[in-house]
Amino acid sequence: MNSKKGFTLLELLVSMALLSLILIFLLNMLIKLKDVNIVNKTSLDFSVSQALNSKEINGDIYKNKGIKSVLTTNKYLLEFTLGDESKRKLIIEEGAIKYYKFIKELERYELIYSDKPINDQYNSISYTYDGRLNLYKIILELNNNKKFNTEIYYSE
């Protein structure tokens with residue numbers, strides 16, 4: 001009887017090959033999960049930025065009796081008058097949104113709010129108005145053609 005305890009060289013090579021295949025698949029899966037995490041983090045940063053922008057701008061507009069009229073607009077600027085006759089500017093500068101109010105005593109605009117630039121920088125700003133609903137919709141567009149809206153409802 002030949003009763004040797006142990007592994008043959010062939011068994012050892014087969015087990016190493018199987019183990020290396022499993023490790024390759026696990027490493028590949030880990031790399032894909034990391035990419036998904038990066039995409040989700042960017043999406044979350046964008047959503048948080050959008051929520052903060054809407055909160056700050058809408059809060060100021062509500063406090064000052066809504067938007068009365070839009071004065072000037074171009075690709076990077078939206079200037080408007082609020083219900084209490086105060087003036088505001090929403091500007092895209094260096095990839096970030098900046099919100100200014102006009103100080104009559106100083107005859108100049110002062111920064112109220114600025115967000116931090118995100119990976120996808122802001123590309124343009126525009127608005128629409130629906131008179132039936134008294135709804136202004138401010139549309140901010142990113143370089144990758146993503147859009148998000150800041151909807152401003154106000155009624156007396």
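Reader: At what distance from the ring centre of Tyr-109 does Lys-89 lie?

Author: The model is predicted. In it, Lys-89 lies over the face of the Tyr-109 ring. Its distance from the ring centre is 4.1 Å.

Reader: Is Tyr-109 buried or exposed?

Author: The relative accessible area of Tyr-109 is 19%. The cut-off for burial is under 20%, so Tyr-109 counts as buried.

Reader: What kind of aromatic pair do Phe-102 and Tyr-109 form?

Author: The whole structure holds 2 aromatic pairs. In the pair of Phe-102 and Tyr-109, the ring centres are 5.0 Å apart and the planes meet at 65°. Planes over 60 degrees apart fall in one class, so this pair is edge-to-face.

Reader: Which residue has its charged end over the ring of Phe-102?

Author: Phe-102 is partly exposed, at 23% relative accessibility. A charged end sits over its ring, 5.7 Å from the centre. That charged end belongs to Lys-87.

Reader: Where does Asn-64 lie, and is Asn-64 buried or exposed?

Author: Asn-64 is in the loop that runs between helix H1 (9-63) and strand S1 (67-74). Its relative accessibility is 10%. Because burial means under 20%, Asn-64 counts as buried.

Reader: How many Å separate the C-alpha atoms of Asn-64 and Asp-84?

Author: Leaving aside neighbours within four places in sequence, Asn-64 is in contact with Leu-82, Gly-83, Asp-84, Ser-86 and Arg-88. Asp-84, one of these, is 20 residues from Asn-64 along the chain. The separation of their C-alpha atoms is 5.6 Å.

Note on methods. Residues are numbered from 1 along each chain as its sequence is written. This is a predicted model: local features need pLDDT of at least 70, side-chain atom pairs count only at pLDDT 80 or more; totals for chains, interfaces and linings use all residues. Side-chain values use heavy atoms; hydrogens and water are left out. Rings of Phe, Tyr and Trp (its six-membered ring) pair if their centres lie within 6.5 Å; planes under 30 degrees apart count as stacked, over 60 as edge-to-face and the rest as tilted. Buried means under 20% relative accessible area, exposed over 50%, partly exposed in between (1.4 Å probe, protein chains only). A charge sits over a ring if NZ of Lys or CZ of Arg is within 6 Å of the ring centre and within 35 degrees of the ring normal. Helices (H or I, at least four residues) and strands (E, at least two) are DSSP runs, numbered from the N terminus. Contact means heavy atoms within 4.5 Å.
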